Each structure stands twice: as C-alpha cells, then as structure tokens.
Amino acid sequence: MSILVYTEAENGKFKKNALEVASYAHKVAQEMGTEVTALSFNVSDNSALGNYGVSKVLKVENEQLKTFHAKAYASVIAEAVKKEGAKLVILSSSTDSKYLGGLLSGMLKAGYIPNAVSAPDSVEPMVVKRMAFSNKGFAHTEINTETKIIGVSNNAFGLIENATDLQEEAFSPATEEKDFATKSVNVDKVAGEVTIADADIVVSAGRGLKGPENWGMIEELADVLGAATACSKPVSDMGWRSHGEHVGQTGKPVASNLYIAIGISGAIQHLAGVSASKVKVVINTDPEAPFFKAADYGIVGDAFEVVPELIEKLKEF
Ligand code: FAD
C-alpha cells in the first residue's frame, strides 16, 4: 500500500511545496513501512523528487492539463490512487490543492484533513495536527476512512532531503470533456517573481505607506531579501496594489518563515491570515499598534526612514 503525492508545478517546474509535500510523505511512509509514489503533470525533469524520498513518479504529459483544471486533475489523481492501491493521498494546502482535496474526498469517499502542520501524531489510528480557528489554534484530528487525504500547510514541515532511486513511469489516463467545463483562455500573472504561497519571506505593507507611489522601497526590500510582496485589504481595495497581494482572513493565507509588516495596524482580520508565519517583524510609527502584540520583533519608527536604512544594511551582506 503506497502513499500517493500530488506535486504542484508551474511552467514545467516543481513548486517548492511539491518538494515539501514529498518530504512529509517520506516521513509518513517510514512510519507506515511503505513507499512514496508521486504524480507529476507536465514536468519533464522529475529528478528533484528523488532527492526528497519519492521512489516512483507517474508522469502525466497532456497538453489539455498544462493549466490547472480542478475536476480533470482530481479525476487523474483518483485514477492514480486506484492504479497504485494507495490508501493515503498527500498534497499541499494551496488554494488549488484545497479544491482538489475537497473533490477527491467526495470521489474517493476519503476523510480529508487540510492545513496539517506536522507529521501525523500516529499513523494507526491516523491523527494529524492541523491549524484551526483561522490559524489561531491547533486541532488534533483523526481520520477514520479507509482512504485518507492530508493537505500539508506551506512551510510548516520544511524540505528534508532523502536520496532515493527514483523510478519514472508514463501515466496517461483518459480525460473526459465534462471535466473541462470551464477553461482559462488567458492568465495575467499579477504577483512578482516569488509567489506568496511559496515564499520563505513576505514583505507586506499597509495604509501607512500613504499611496501606491511609495511601493518602490517595498519592492526593493523584497528584491534584496528574495521575498514576495503582499499588502493589507484596504491597500488592494483602493487599487494601490493588485488583489493577488491581499493577505488576511479574506485574502491569501501566509505561512512564511519571515513576515515583515510595514505600516499595517494588525487588525484581527489581517492577523488571522498571517499568524501561521514563524517570525513576524513589525515596523509602525504607533507603539500602540495591535500588531506589536503578535510580533516577534518590532521597530517603532517611520517606514520612510526605517525601510531605506534596512535596505542599505542588507545590501552590505
Ligand atoms: P490601517 O488600519 O489604517 O493601519 C495603518 C497603520 O500604519 C497604522 O497602524 C499606522 O500607525 C501605521 N503608519 C502610519 N504611517 C506610518 C509610517 N510612516 N510608518 C510606519 N507605520 C505607519 N484586512 C486585511 O488586511 N486582510 C483581510 O483579509 C481583511 N479581511 C477583512 C474582513 C472583514 C469582514 C472586515 C470587516 C475587515 C477586513 N479587513 C482585512 C480589514 C481590517 O479590519 C483592517 O481595516 C485593515 O487590515 C487595516 O489595514 P492597514 O493596517 O493597512 O490600515
């Protein structure tokens, strides 16, 4: 009984979360005494999976599946589950993978736990620690179905190298037209080079920046750190930044290793989406700003003075 891992990819390359999910699966496989099979979509070089504990990869090469279609991808994954006799499916907890998790849960009659933050507490019965209450707490949840699905929270488990002898196998299940009821005809990418979901570091700014013309220093700081840029809700509502950068309860969740909040007050709805980040640094002129209570490090100061100084110092390294 193998474990099946769905690996996310973009432009033919694995995303970081694909390797994190593989690392997680390897850990579970060791406890279960089994091996990890991965499923990749339109990735020509799969060798990276062999560095993170995957024994076999089923390679799907299909022109129609070059862009993400939740129903079609779920059908292919379900076919792979049947072929491999897998009883555990592991994927990430990105927005796309959460769609898949929900669909697969119905198709495979499987219990599904998204937002897992660590390897299972136990594998028999399967109990998994996951984020709960908008990331303000944790729940230890048992899955009782024969087939099980776990969604791993981004950056929660980390990348753990385990060299394996990776076998590659072509996998070409038939796709059905009904799985392509909607189709993206054009995709305009609004985020920068590093996406929020995959980022180790996120530099985020709020209304304290006064206007969109002041984002140059935020982008420069992100550039120096190799970080993704993000913003608070009012900033995207006012059109200062794209909606793709809005983080928080009603925006994208952030689970980065470092989250730098600049000119953001720390309203509860903002904190709900970013509290899973490991280290939070706050820069704010107001020492009473609520974000300081949630911060690991804080600088009471004017962003227009602190940020350029920070950039200068970082450039010295
Ligand atoms: P403000 O609250 O105006 O804070 C600006 C901060 O900048 C202040 O703390 C100020 O001291 C500081 N500042 C000013 N000048 C400077 C300077 N020169 N240097 C440094 N600091 C400075 N918000 C989200 O972000 N994400 C969500 O997902 C979200 N969902 C919501 C859902 C609901 C249902 C509701 C009702 C609200 C939601 N909000 C969300 C909005 C949230 O309540 C806050 O209004 C919002 O987060 C405030 O954004 P802000 O911190 O950028 O602005």
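The legends below describe close-up views of a predicted model.

Local features are drawn from residues with a pLDDT of at least 70 and side-chain atom pairs from those at 80 or more, while totals for chains, interfaces and linings use all residues. Residue numbers start from 1 along each chain as its sequence is written, and side-chain values use heavy atoms, with hydrogens and water left out.

**View 1. Confidence of the model.**
The average pLDDT (the predictor's confidence in each residue, from 0 to 100) is 94 for the protein, and 98% of the residues score at least 70. For the complex, the predictor gives an ipTM of 0.99 and a pTM of 0.79. Where pLDDT is low, predicted coordinates should not be read in detail.

**View 2. The annotated span, residues 3-184.**
An unreviewed UniProt entry places "domain: Electron transfer flavoprotein alpha/beta-subunit N-terminal" at residues 3-184. UniProt positions follow the numbering used here, feature names are shortened, and annotations may be inferred rather than shown by experiment. Helices (H or I, at least four residues) and strands (E, at least two) are DSSP runs, numbered from the N terminus.

**View 3. An open sheet of five parallel strands.**
The strand order is S14-S13-S15-S16-S17, where two strands pair if DSSP finds at least two bridges between them. Strands S14 (228-231) and S17 (297-300) each have a single partner strand, so one side of each is left without a neighbour in the sheet. On average, neighbouring strands are turned by 15° against each other, direction ignored. S13 (residues 201-205) and S14 run parallel and are joined by four bridges; Val-202 stands opposite Ala-228 in S14.

Helix H4 (residues 216-225) lies across S13, S14 and S15 (258-262), contact meaning heavy atoms within 4.5 Å. H4 runs at about 175° to S13. Helix H8 (residues 303-315) lies across S15, S16 (279-284) and S17, at about 130° to S16. Axes are lines fitted to C-alpha atoms, for helices over the stretch in contact, and angles run from 0 to 180 degrees between N-to-C directions.

**View 4. Aromatic cluster of Tyr-6, Phe-41, Phe-68 and Tyr-73**.
Seven aromatic pairs are found in the whole structure. Rings of Phe, Tyr and Trp (its six-membered ring) pair if their centres lie within 6.5 Å; planes under 30 degrees apart count as stacked, over 60 as edge-to-face and the rest as tilted. Phe-41 and Tyr-73 are stacked, at 4.0 Å centre to centre with 5° between the planes. Because Phe-41 lies in strand S4 (residues 36-41) and Tyr-73 in helix H2 (residues 70-84), the pair ties together parts that are 32 residues apart in sequence. The Phe-68 and Tyr-73 ring centres are 5.0 Å apart with planes at 65°, so this pair is edge-to-face. Buried means under 20% relative accessible area, exposed over 50%, partly exposed in between (1.4 Å probe, protein chains only). Phe-41 is buried at 5% and Tyr-73 is buried at 6%, whereas Phe-68 is partly exposed at 26%.

Thr-37 lies in strand S4 and is buried, with a relative accessible area of 4%. Ser-97 belongs to helix H3 (residues 95-108) and is buried at 0% relative accessibility. With sequence neighbours up to four places away again left out, Ser-97 touches Tyr-6, Glu-8, Leu-91, Ser-92 and Tyr-112.
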